Each structure stands twice: as structure tokens, then as C-alpha cells.
Amino acid sequence: GDQMCLSCHEDAMAGHRHPVGVVPRKKLSFEARLGEDGELICVTCHDPHGQDGERLLPEGGCLACHEM
């Protein structure tokens, strides 16, 4: 879940605008980790152990999910 992330980044969540804790409306275009009930959690988009990119986002960044 998000508890490990929030133990250091709780202040950053104050200005966070992306929904967390909701089930995605469509299938994600990358292999995503979801919460127990299929909801978005921090590690759905942020991979602290696998990326060097900005904000630890998946390849393609936000566009990996949000096709504009």
C-alpha cells in the first residue's frame, strides 16, 4: 500500500492532484501494481526501484495512461 511512501512523503500529498484510492476507469497500458481492491496506489505510477526518470514515473510518463 501507500503507508511506506507516506511515512516520508505525507507533506507532498497535500498538493497532490491525481486521484489515489480509486479503481482506474480503463485498463492501464503498462503492468501496474494496484491495491487489494484494484485501486490506484502510489506504486501504480511511481516505481522507487526501477526508474531513473523524473518522479520515478513509468516509461512514457503520464501519457502511459493519459493518452492526449
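Among contacts in the protein chain between residues at least 6 apart in sequence, what percentage join residues at least 24 apart? I looked that up to start with, and the figure is 24%, where contact means heavy atoms within 4.5 Å.

**Ground rules.** I am working from a predicted model, so local features need pLDDT of at least 70 and side-chain atom pairs count only at pLDDT 80 or more, while totals for chains, interfaces and linings use all residues. Residues are numbered from 1 along each chain as its sequence is written, and side-chain values use heavy atoms, with hydrogens and water left out.

**Whole chain.** I found two helices and zero strands in the protein chain. Both terms are DSSP runs numbered from the N terminus, helices being H or I with at least four residues and strands E with at least two. The chain has 68 residues, and 21% of them count as buried. For that I used relative accessible area: buried is under 20%, exposed is over 50%, and partly exposed is in between (1.4 Å probe, protein chains only). The chain exposes about 5,700 Å², and carbon and sulfur atoms supply 53% of that area. Those areas come from the Shrake-Rupley method with a 1.4 Å probe, and for residues only the protein chains shown count as cover.

**Thr44.** I went to helix α2, residues 42–45, which holds Thr44. Is Thr44 buried or exposed? Thr44 is buried, because its relative accessible area is 3%. Its side chain reaches the backbone oxygen of Arg33 at 2.6 Å. Leaving out residues up to four places away in sequence, I noted that Thr44 touches Leu28, Phe30, Ala32, Arg33, Leu34 and Glu39.

**Leu34.** Leu34 sits in the loop between α1 and α2 and counts as partly exposed, because its relative accessibility is 36%. With the neighbours up to four places away again left out, Leu34 touches Pro24, Leu28, Glu39, Leu40, Ile41 and Thr44. I also took the C-alpha to C-alpha distance from Leu34 to Cys45: 9.5 Å in space, for 11 residues in sequence.

Pro19 is in the loop between α1 and α2, and at 43% relative accessibility it counts as partly exposed.

**Largest pocket.** What is the volume of the largest pocket? I have about 1,300 Å³. Of the 41 residues lining this pocket, His16, His18, Cys42, Cys45 and His46 are the closest to its centre. A pocket here is an open set of points on a 1 Å grid over the protein atoms alone, where a 1.4 Å probe fits, with protein on both sides within 12 Å along at least five of seven lines; lining residues have an atom within 4 Å of a point. Helix α1 (3–9) and α2 each supply at least two lining residues, and the largest share, six residues, comes from α1.

Definitions and conventions
A polar contact is a pair of N or O atoms within 3.5 Å; within protein, one must be able to donate a hydrogen and the other to accept it, and residues adjacent in sequence count only if both atoms are side-chain atoms. Grid points are joined across faces, edges and corners, and a volume is the space filled by probe spheres set on the points.
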